[in-house]
Amino acid sequence: CDMGVLDNLVANTAYLKAQGGDDRELKKRRRSLSLPKPEECMITRATLEKDFQLLCERQPIGKKLFRQFLLESNPQYVAAAEFLDELVDWDLAEVAGKDKARMNIINKFCKAHSKSFLSYLVGEVADKCKAVTDKDFEDVMNGKVKDATQEYLKGKPFSEYQNSHHFDKFLQWKEFEKQKITEKYFYEFRTLGKGGFGEVCAVQVKNTGQMYACKKLCKKRLKEKDGDSMALLEKQILEKVNSRFLVNLSYAYQTKTHLCLVMTLMNGGDLRYHIYNTGEKGLEMNRVVYYAAQVTTGILHLHAMDIAYRDMKPENVLLDSFGQCRLSDLGLAVELPGEKLKGASKDGYMAPEILKKEPYRMSVDWWALGCSIYEMVAARLPFKDYKEKVQKEEVARRTLEDECKYDPKYFDEGTKTIIALFLKKKISARLGCRTKNEDPRKHEWFKCINFPRLEAGLIEPPWVPKPNVVYAKDTGDMRDFSEIKGVVFDQKDEMFFKEFSTGAVPTAWQQEMIDSGLFDELSDPNRKESAPGLNDK
Ligand code: ADP
Ligand code: MG
Ligand code: MG
């Protein structure tokens, strides 16, 4: 109806405008913000786990402040910090700059007479470093020397850091990070999609302007359908992973009626939509390879943490506004340290070992990736045509017995080869499973992708979503949830809601502070706050 059309237009306009940024309100609010005072951080100082990896590498503000500390200390610390930075530059350099970056590192850090010589190295590593050549550079510098440098920084530098004013600053940020998160922390915009337990909508953090997607799980519905433990599992897996190719969790909080997961906003639509709903069926090959490269890396990030994804399909691959993709919906993912599983996954993407009810581990993700690459290319599944009306049992039979067919109209030889390897019915013959931790990115088909650069977000996406398009169903087309009656919460439920609502997730939250410029603003010693009391909490 006309009202629906208008509502949708209004919702879209507000949502698009928020993404544009540059908001006077925002600037005013930010001027009134301040970090907690140092004396308010005593408990945090005493209770913070002093884990080097966590505080100085994984957490972005921690990493920044530790680097600043090193660079303002003695020449040895400076050399260590600069060496690690230049090693990253070398790793990310394109072919043309690679030789130069390598030569610079050798001349600056490996020669005993250079003032930046890594003089903290001892024994065999020190000898190897001094004798490094172009040939063993990667093995020595990016391996043993890098490890020894990190080992060194963990010792005296890390303990000195904990007595520095940089660490005092860090504690203030950690204290700030602990603030209670409620719905007042965000503006809410239009619904982007619906899930099993509630809607996903766009939100914006009032203080930073950062946009996110908020997945709202209805408490009553969770209780009615026994979804509690699944929701908690999804949350715990989301907060553990930290990858450019997976949606990341930034906040978990509760309202009276909902549990909320605030995640990376992916506003470019899902791959299923792009395969079927945009003009020609199927995607161009350069897009297929690019998305497959990102998805493969995302799957590997999960597997490296002993997590099987189990829901690989184009619908779960979402694009951001730049055209980069991430895996979403980790509701079926499970952590499997060593053990094997049975069941799960979706019709049409199920590997033979699932259909035969055999135990499996990570192999099913590679099978489903094969199905998904096939679908990106040909706009149909290997064993099921688009919109084909066919029984589950028949799809299962074809999956187990039939050879997959490749229409030469769509598939070139190389693409056919890699898909066929992912679709090997025997696990031990399947790409990704043939040896322990086999890395499918080493396959020929990916040779045009520079993976270190891809992982750093430095490769331009082959296709960019249009900035003025909302890649989501109209708000009116998403059915509302029915009212649930007769569900009451007991103490156990309340405990669970509390366990779920842990507030800001440190790595993601710190990244938001840096990206939005708030970190720099609040670190500026010349900064003047506007009158206290304006603090909008
Ligand atoms: P469920 O597990 O209940 O299926 P999903 O996580 O799949 O819920 O989310 C439901 C829908 O919401 C998705 O199909 C998608 O349209 C939308 N959605 C989910 N996550 C995001 C996100 N991070 N950014 C944008 N839209 C999202
Ligand atoms: Mg879903
Ligand atoms: Mg789910």
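Because the model is predicted, local features need pLDDT of at least 70 and side-chain atom pairs count only at pLDDT 80 or more, while totals for chains, interfaces and linings use all residues. Residues are numbered from 1 along each chain as its sequence is written, and chains are lettered from A and ligands numbered from 1 in the order in which they are written.

Ligand 1 is surrounded by 18 residues, a residue being near a molecule or strand if its C-beta atom, placed from the backbone, lies within 6 Å of it. The closest are Gly193, Gly195, Val200, Ala213 and Met266. Two or more residues of the shell come from each of strand S1 (186-194), strand S3 (211-218) and strand S5 (258-264). Helices (H or I, at least four residues) and strands (E, at least two) are DSSP runs, numbered from the N terminus. The most is given by S1, with 3 residues. By class, the shell holds 9 nonpolar, 6 polar and 3 charged residues; here Ala, Val, Leu, Ile, Met, Phe, Trp, Tyr, Cys and Pro count as nonpolar, Asp, Glu, Lys and Arg as charged, and the others, Gly among them, as polar.

The strands of the shell lead on to the sheet. S1, S3 and S5 belong to an open sheet of 6 strands, ordered S1-S2-S3-S5-S4-S10 with antiparallel pairing; two strands pair if DSSP finds at least two bridges between them. S1 and strand S10 (503-504) stand at the edges with a single partner strand each, so one side of each has no neighbour in the sheet. S1 is joined to strand S2 (residues 199-205) by 6 bridges, and the two run antiparallel. Tyr187 has Gln204 in S2 as its bridge partner. S1 and S2 form a hairpin with 4 residues between them, and Gly198 in the turn has a positive phi of about 155°. Further into the order, S3 and S5 pair in the antiparallel sense over 7 bridges.

Now for the helices. Two packed helices are described by the angle between their axes and the distance between the axes. Axes are lines fitted to C-alpha atoms, for helices over the stretch in contact, and angles run from 0 to 180 degrees between N-to-C directions. The axes of helix H6 (residues 75-92) and helix H7 (residues 95-109) come within 9 Å and cross at roughly 165°. That makes H6 roughly antiparallel to H7, since angles under 35 degrees count as roughly parallel, over 145 as roughly antiparallel, 65 to 115 as roughly perpendicular and the rest as oblique. The crossing is left-handed, meaning that the near helix is turned anticlockwise from the far one by less than a right angle (clockwise would be right-handed). Ala79, Phe83, Glu86, Leu87, Asp89 and Trp90 in H6 meet Lys98, Ala101, Arg102, Asn104, Ile105 and Phe109 in H7, contact requiring C-beta atoms, placed from the backbone, within 7 Å. These residues divide into 7 nonpolar, 1 polar and 4 charged.

H6 also packs against H9, their axes coming within 11 Å and crossing at roughly 145°, with a left-handed crossing. Ala80, Phe83, Leu84 and Leu87 of H6 make this contact with Met141, Asn142, Lys146, Thr149, Tyr152 and Leu153 of H9. By class, it has 7 nonpolar, 2 polar and 1 charged residues.

Notes:
Contact = placed C-beta atoms within 7 Å.
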